[in-house]
Amino acid sequence: MSHTRQQRRQGKSLGATVRRYWPAYLGGFLLLAVTALAVQAVPWLLKGAVDALHGEGALAPALRAAGWMLVAAGLGAVTRVVSRLLVFYAARRIEQELRDQLFARLQTQEPAYFHDMPVGEVMSRLSNDLTTLRLIFGAGVVALGNAVLV
């Protein structure tokens, strides 16, 4: 059995690690959708308030619209923060699990491996490459979600 197949059976592939956090990504995406709707509601409500002031001259509908604008803006702010917390937390957990898996794998290597692989290369993969993966699974997923929704 190949090493990759054995890793997948043990649930240690990158895909298996990421799939464990799909609820956080789904929740983050749904909250991004709510954020997009709330943010887009503010200009629509403003138009209604201006139209009410211009057409009827009544202050009550304009004040009501202003109140709903505050609610929409507050909802948008809260859902934006929570969506990012969900996604970024999942990305950090994925990064930590991958670091743990790589470190465990390094501990099983024979000394000859470290003769062939420079220490700087090993350190680079354990730090820079995993940080890049965290950014992809965090900020990259949020940016992709925003691009799809807006």
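Guide: Buried means under 20% relative accessible area, exposed means over 50%, and partly exposed lies in between (1.4 Å probe, protein chains only). This is a predicted model, in which local features need pLDDT of at least 70, side-chain atom pairs count only at pLDDT 80 or more, and totals for chains, interfaces and linings use all residues. Residues are numbered from 1 along each chain as its sequence is written, and side-chain values use heavy atoms, with hydrogens and water left out.

Visitor: Is Glu-97 buried or exposed?

Guide: Glu-97 is found in helix H4; helices here are DSSP runs (H or I, at least four residues), numbered from the N terminus. Its relative accessible area is 16%, so Glu-97 counts as buried.

Visitor: Which side chain does Glu-97 join in a polar contact?

Guide: A polar contact is a pair of N or O atoms within 3.5 Å; within protein, one must be able to donate a hydrogen and the other to accept it, and residues adjacent in sequence count only if both atoms are side-chain atoms. At 2.4 Å, the partner of Glu-97 is Arg-20.

Visitor: At what angle do helix H4 and helix H6 pack?

Guide: Helix H4 covers residues 59-107 and helix H6 residues 119-149, with their axes 9 Å apart. Axes are lines fitted to C-alpha atoms, for helices over the stretch in contact, and angles run from 0 to 180 degrees between N-to-C directions. The packing angle is about 155°.

Visitor: What is the relative accessible area of Phe-114?

Guide: Phe-114 is partly exposed, as is Tyr-113, at 28%. For Phe-114 the value is 37%.

Key. Helix = DSSP H or I, 4+ residues; strand = E, 2+ residues; numbered from the N terminus.
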